[in-house]
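Hi,

Here is the structure I promised to pass on. Have a look at it first, and then read my notes below.

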Amino acid sequence: MNGDSSEGRAAALREAFDLSFSRAPVGRAAASENLLAIRIGTDRYALRLASVAGLFAGKSISWVPTPVPELLGIAGFRGTVQPVYDLAMLLGHPKAVSPRWIVMAAPEAVGLAFEGFDGFVSATAESVVTRARGAATARQLHVNAFLESGGTCPIVDVASVLARIIRKAARDGGN
């Protein structure tokens with residue numbers, strides 16, 4: 001009888017093993033969000049990679065006369081000339097001292113300049129919290145979420161920044 005139970009148990013284990021290859025995996029991979037970690041002055045921010053069409057370093061920006069203080073000038077990107085704005089000023093910070101980095105925002109072809117690029121971050125969905133749930137910070141202009149990983153880092157709402165630029169251009173464009 002002992003042999004029968006061993007054979008039955010072995011058959012059940014074989015069947016379970018074989019079935020494990022025919023079924024979809026039980027555990028799902030954790031959802032993630034891809035971000036660029038940046039610095040404005042000494043403050044950390046993040047940009048959603050989905051809202052960025054390109055990242056450039058050390059681009060020459062040509063000054064143009066403008067009544068818009070946030071507009072740094074124009075620069076060449078992949079054969080086109082586009083406006084470049086000071087992201088620090090758009091977020092309520094003082095004018096950037098030396099913005100070395102520029103992201104080309106998507107879907108609008110607008111450059112957003114900032115001082116420091118800290119790298120690429122693949123964040124878990126649990127570490128990204130919406131503004132309503134996120135901790136309050138002093139600088140929340142154009143922020144709709146926070147990355148809570150090793151501290152709280154505001155995630156810039158690039159669409160909101162672009163909307164402000166477009167509103168400002170429409171309002172000031174007639175001058």
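**Around Ser51**

Leaving aside neighbours within four places in sequence, Ser51 is in contact with Met104, Ala105, Ala106 and Val158. Before you go further, keep in mind that this is a predicted model. Ser51 sits in the loop between strand 2 and strand 3 (52-57). Is Ser51 buried or exposed? With a relative accessible area of 14%, Ser51 counts as buried, because the cut-off for that is under 20%.

**The open sheet**

Met104, one of the contacts of Ser51, has Gly111 of strand 7 as its bridge partner. Strand 6 (101-105) and strand 7 (110-114) pair in the antiparallel sense, over five bridges.

Five strands make up an open sheet in the order 3-6-7-5-4, and the pairing is mixed. Which strands stand at the edges? They are strand 3 and strand 4 (71-77); each has a single partner strand, so one side of each is left without a neighbour in the sheet. From one strand to the next, the twist averages 30 degrees. Helix 3 packs on this sheet and touches strand 5 (80-86), strand 6 and strand 7. The direction of helix 3 makes about 110 degrees with that of strand 7.

**The core**

The largest nonpolar core has 28 residues, and those that touch the most other members are Ile40, Leu47, Tyr85, Leu87, Leu112 and Val161. Several elements give two or more residues to this core, among them strand 1 (32-40), strand 2 (43-48), helix 2 (87-90) and strand 10 (143-148). Strand 6, strand 7 and helix 3 (158-172) are on that list as well. Which element supplies the largest share? That is helix 3, with four residues.

Beyond its neighbours within four places in sequence, Leu47 is in contact with Asn34, Leu35, Leu36, Ile38, Val52, Val103, Val156 and Val158. Val158 turns up among the contacts of Ser51 too.

**Strand 11**

Have a look at strand 11 (residues 152-156) as well. Four of its five residues are buried, so strand 11 is largely enclosed by the rest of the structure. Which way do its pairings run? With strand 2, strand 11 pairs in the parallel sense over two bridges, and Ala46 has Ile155 as its bridge partner there. With strand 10, the pairing is antiparallel and runs over five bridges; here Leu147 is bridged to Cys153. Strand 10 and strand 11 form a hairpin with three residues between them. In that turn, Gly150 has a positive phi of about 70 degrees.

**The whole chain**

Some overall numbers to finish. The secondary structure comes to three helices and 11 strands, and along the sequence the pattern reads α-β-β-β-β-β-α-β-β-β-β-β-β-α. Of the 175 residues in the protein chain, 35% are buried. Among contacts between residues at least 6 apart in sequence, 53% join residues at least 24 apart. The chain exposes about 10,200 Å², with carbon and sulfur atoms supplying 56% of that area.

Cheers

Terms used: Residues numbered from 1 in each chain as written. Predicted model: local features only at pLDDT ≥ 70, side-chain atom pairs only at ≥ 80, totals over all residues. Heavy atoms only, no water. Core = buried A, V, L, I, M, F, W, Y, C linked by side-chain atoms within 4.5 Å. Buried < 20%, exposed > 50% of the residue type's maximum accessible area, 1.4 Å probe, protein only. Contact = heavy atoms within 4.5 Å. Pairing = 2+ DSSP bridges. Axes fitted to C-alpha atoms, helices over the stretch in contact; angles between N-to-C directions. Areas by Shrake-Rupley, 256 points an atom, 1.4 Å probe, with all protein chains shown as cover.
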